[in-house]
Amino acid sequence: MWPYPKVLAHRGGGTLAPENTLAGLRRGMAAGFRAIEYDVMLARDGVPVVLHDPFLGRTVPGSGHVYDYDALELAAMDAGSWFARDYEGEPVPLFVEFAQYCKAHGIWMNIEIKPAPGYELETGSTVARIAAAMFADDIGAGRLAQAPLLSSFSQVALEAAREVAPQLPRAFLMSELPPDWERRAREVDAVALHVNQRHLTRAQAQAVKAAGFGLFCYTVNEAARAAELLAWGVDAFCTDRIDLIGPDFAARAGG
Ligand code: G3P
Ligand code: MG
């Protein structure tokens, strides 16, 4: 049902390193993580980059939208200084390079497709096409658990991903489960629901599992809550506190 790792480092290295950077990923790896969640959106030239916000200003200096800049312009920007001076010059990763690094190092990926408003279709199809090509060897050999899990809050992005790469599994991100969550998840042939742990109830967790879906929670930063969610049947979660909740937390918790 859930063939993937159960504890993921959110945005690469959680809150211990600049999010969505190679430095963050290495920080997660240093903590023992071999599974991460990260965010991908399109630059002006249609090239996907690893970023969370659709605008500059928080993690990269500057102003305007991500889609106002070409990918190589973004890749030359400093995505590390906002976090700490030690990370000055840490670049905005190109999605292809970041995913290849993960693949080469055996890091399993939950790729969150994070389209800027109006770019849902292009973002979903571009990210899925690249991921499917990169993992064609694993998919062809039936090693589906090695391939990334694509997730998104955007139904259009998920449908676009299915269109170009039906073989890649998809997860529907929903902050709070709406009453029609099952219909919506089936519309995109989702294998899992990814939900905000703040809003999830035990009854909802049981309903999602009884309906046959995987269930993933973001972002779980307290060990007691992580243990509770696993006891409810939650399959996996991501955490910002990779210092408090290690990659083997679920195994130790008996989850
Ligand atoms: O994919 C889970 C989580 O990352 C979704 O929210 O805003 O942290 O990307 P956000
Ligand atoms: Mg995310």
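Predicted model: local features only at pLDDT ≥ 70, side-chain atom pairs only at ≥ 80, totals over all residues.
1. The surroundings of ligand 1. The residues around ligand 1 are His-10, Arg-11, Glu-37, Asp-39, His-52, Glu-112, Lys-114, Phe-153, Leu-173 and Tyr-218. By class, this shell comprises five charged, three nonpolar and two polar residues.

2. Polar contacts of ligand 1. For His-10, a polar side-chain atom is placed 2.7 Å from an oxygen atom of ligand 1. For Arg-11, the separation between a side-chain N or O atom and an oxygen atom of ligand 1 is 2.8 Å. For Asp-39, the corresponding distance from a side-chain N or O atom to an oxygen atom of ligand 1 is 3.1 Å. On its own, ligand 1 has 290 Å² of accessible area, and the protein covers 89% of this.

3. Arg-11 and its salt bridge. Arg-11 belongs to the shell around ligand 1, and its side chain also meets that of Glu-19 in a salt bridge, with an N to O distance of 2.9 Å. Are the two partners buried or exposed? Arg-11 counts as buried because its relative accessible area, 17%, is under the 20% cut-off. Glu-19 is likewise buried, at 9% relative accessibility.

4. The network around this pair. The pairing of Arg-11 with Glu-19 is part of a network of salt bridges that links Arg-11, Glu-19, Asp-53 and Arg-58. In total, the structure holds 16 salt bridges. As a general point, side chains of opposite charge can pair when their charged atoms come close.

5. Arg-183 and Glu-187 form a salt bridge in which N and O are 2.4 Å apart. How are these two residues placed in helix H7? They are four residues apart in H7, which spans residues 181-187, and so are separated by about one helical turn. In an α-helix there are 3.6 residues a turn, so residues three or four places apart point the same way. Arg-183 is partly exposed, with a relative accessible area of 47%, and Glu-187 is also partly exposed, at 33%.

6. The pair Arg-241 and Asp-243. A further salt bridge joins Arg-241 to Asp-243, with 2.7 Å between the closest N and O atoms. Arg-241 has a relative accessible area of 29% and is partly exposed. Asp-243 is partly exposed as well, at 43% relative accessibility.

7. Helix H3 runs over residues 95-104, and its buried residues are Phe-95, Phe-98, Ala-99, Tyr-101 and Cys-102. Why do these residues lie on the same side of H3? They do so because the arc that they cover around the axis is only 155°. The exposed residues Glu-97 and Ala-104 are carried on the face of H3 turned away from its buried side.

8. The position of His-65. His-65 is located in the loop that lies between strand S3 (48-50) and helix H2 (71-75). His-65 is partly exposed, with a relative accessible area of 33%. How far apart are His-65 and Phe-135 in sequence and in space? These two residues are separated by 70 residues in sequence and by 30 Å in space, taken from C-alpha to C-alpha.

Methods. Residues numbered from 1 in each chain as written. Chains lettered and ligands numbered in written order. Heavy atoms only, no water. Near = heavy atom within 4 Å. Polar contact = N/O pair within 3.5 Å; in protein donor to acceptor, adjacent residues only side chain to side chain. Areas by Shrake-Rupley, 256 points an atom, 1.4 Å probe, with all protein chains shown as cover. Nonpolar A, V, L, I, M, F, W, Y, C, P; charged D, E, K, R; others polar. Salt bridge = Lys/Arg side-chain N within 4 Å of Asp/Glu carboxyl O. Buried < 20%, exposed > 50% of the residue type's maximum accessible area, 1.4 Å probe, protein only. Arc of directions from axis to C-beta.
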